[in-house]
Amino acid sequence: MSIDSLLEQQRRYHEERERLMDTMTKEMLRKKATHREQINSEHMVKLLLDRYSETSSRVKDMYEDKDGSRKEEIQALSGPNEFTEFYLRLKNIRQYYPRNSSEEIAVPMSTEYEQFMRQLQETEDGEPLALASFTDEEGYGRFLDLHQSYEIYLNIKGFEKLDYLTYLQKFDRLHEISKDRKNFEYRQYLFEHLFPYLLDFLKRCKPLINIEKDLINVKQDFELKWEQGILPGWPKETGGALAKGGAPLDLSGFSSWEELASVGLDRLKSALLALGMKCGGTLEERAKRLFATKNKSFEDLDPSLFMKDTNKTKRENKEIIRHKEIAGMEAQIYRLVDLLSEQRSATLDNVRRKQARAGEDIEDDDDIGGGDISDDDSGPEEDGLIYNPKNLPLGWDGKPIPYWLYKLHGLNMYFNCEICGNHTYRGPKAFQRHFAEWRHAHGMRCLGIPNTAHFANIISIEDALSLWNKLKNNKDDERWKPDMEEEFEDSLGNVVNKRTYDDLRKQGLL
């Protein structure tokens, strides 16, 4: 049961919006000494901004008053019986609080807001709870970690083999790749690896950018350039080939076939011809037939919707639509890379610095056993056997990786994790990465412990359980205890806690 009126709820929401705006202003003006503090501050502002948008949406819904409840309440307060309404509400308030315990009574707005801010800042190290996590390679948002995308790129058939540094310099030069080589593997590389990583990394390192709105503008600009055939790497005939029998129509702006029918018979016919579909029938039939293709591929459509003698046209249209999807994704990647230009430049410098530092270990490689192999030792390789006395991992070419690279990545070190069922990880990079993977998360769930940042680098079950118990005890100690912390004043003006006050009242000493 709640006694808050709609007008009081509106007042609370307005107060909350003002508090959020004031906090965001102070947080943005606060001086940040390090890059980590800057990232944490932006995530804090993003959380406050989301809360502000949610509260503003609620206030807007109340002012719209679709159910008329706000208008009825205003009429009741300003009507001929306003005093009766006032005393009725006062009576409800007096009856409400004695019947409900303190836990069920709504907390004041100031207390609720303080609890919300405390949730954002309540950790052992004083960092916000909702911070994005970064890998060691990413340096808390300073550098890109494109190793996984690089490995996928190397496995695309027909693409030249590049080293990682060259890949970082050229991975966004997608227009230089011939469209004939942009096959299914290339599409999978863009849609499932490169674009998702860049988008996720941008949201983590620059949370205040409205990337969704930005990508919508990119798509609109892409549609215009595609129709004009001026996209880099996509000749004009590719963009206009689909329109031999008609002009395609973007269905993303239509939510039903009724809205689609408003474009008219001729426009619907042109769009159906562009897809190689039957274009006859009434306005309703054409609109339904075209709307059925929204968010669907050609394979998912009913073959009866297409003209019988357009198999070749269908194949051409499918190929052009596939090209258009790839070109659209490339346009979005260009935009993401542009927004991450600073991080990309820092990544190139970081990789060069690592390679220069690793070059000093080449002499050690020669001394340990990485020198030239004599002619007598070349026999096993000629027989198909690889000379690998140190049991080094194999690279993409099927040959052992260099010893300096083996030492650089620490692949000679093995790490055992008890939480993962004593699974062994090779190298510090794989070990650090496994804390966010399914095996470690499953082990934490089996222990009944959430896999949060508090338990990073903890591999012992005993250590994890002891830390979890410590965190729970700290939460219990920090929880507000009304019996001990709520204060009352007796008739003599003495301030006592609730428990003492109740004991004195029962004994009749007040």
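**Note on helix packing and nonpolar cores**

1. The axes of helix α1 (residues 6-29) and helix α3 (residues 69-78) cross at roughly 110° and come within 9 Å. The two are therefore roughly perpendicular (65 to 115 degrees). Axes are lines fitted to C-alpha atoms, for helices over the stretch in contact, with angles from 0 to 180 degrees between N-to-C directions. Helices are DSSP runs of H or I with at least four residues, and strands are E runs of at least two.

2. This is a predicted model, in which local features need pLDDT of at least 70 and side-chain atom pairs count only at pLDDT 80 or more, while totals for chains, interfaces and linings use all residues. Residues are numbered from 1 along each chain, and side-chain values use heavy atoms, without hydrogens and water.

3. From α1, L6, L7 and Q10 meet S69, R70, E73, I74 and L77 of α3; contact means heavy atoms within 4.5 Å.

4. The largest nonpolar core has 49 residues; L146, Y167, Y189, L190, L194, L198 and I333 touch the most other members. Such a core joins buried Ala, Val, Leu, Ile, Met, Phe, Trp, Tyr and Cys residues through side-chain atoms within 4.5 Å, buried being under 20% relative accessible area with a 1.4 Å probe, protein chains only. Helix α8 gives the largest share, 11 residues.

5. Beyond its neighbours within four places in sequence, I333 contacts L174, L190, L194, F195 and L198. A second, separate core of 14 residues includes L251, M277, C279 and A287.

How values were computed. Angles under 35 degrees count as roughly parallel, over 145 as roughly antiparallel, 65 to 115 as roughly perpendicular and the rest as oblique. Buried means under 20% relative accessible area, exposed over 50%, partly exposed in between (1.4 Å probe, protein chains only).
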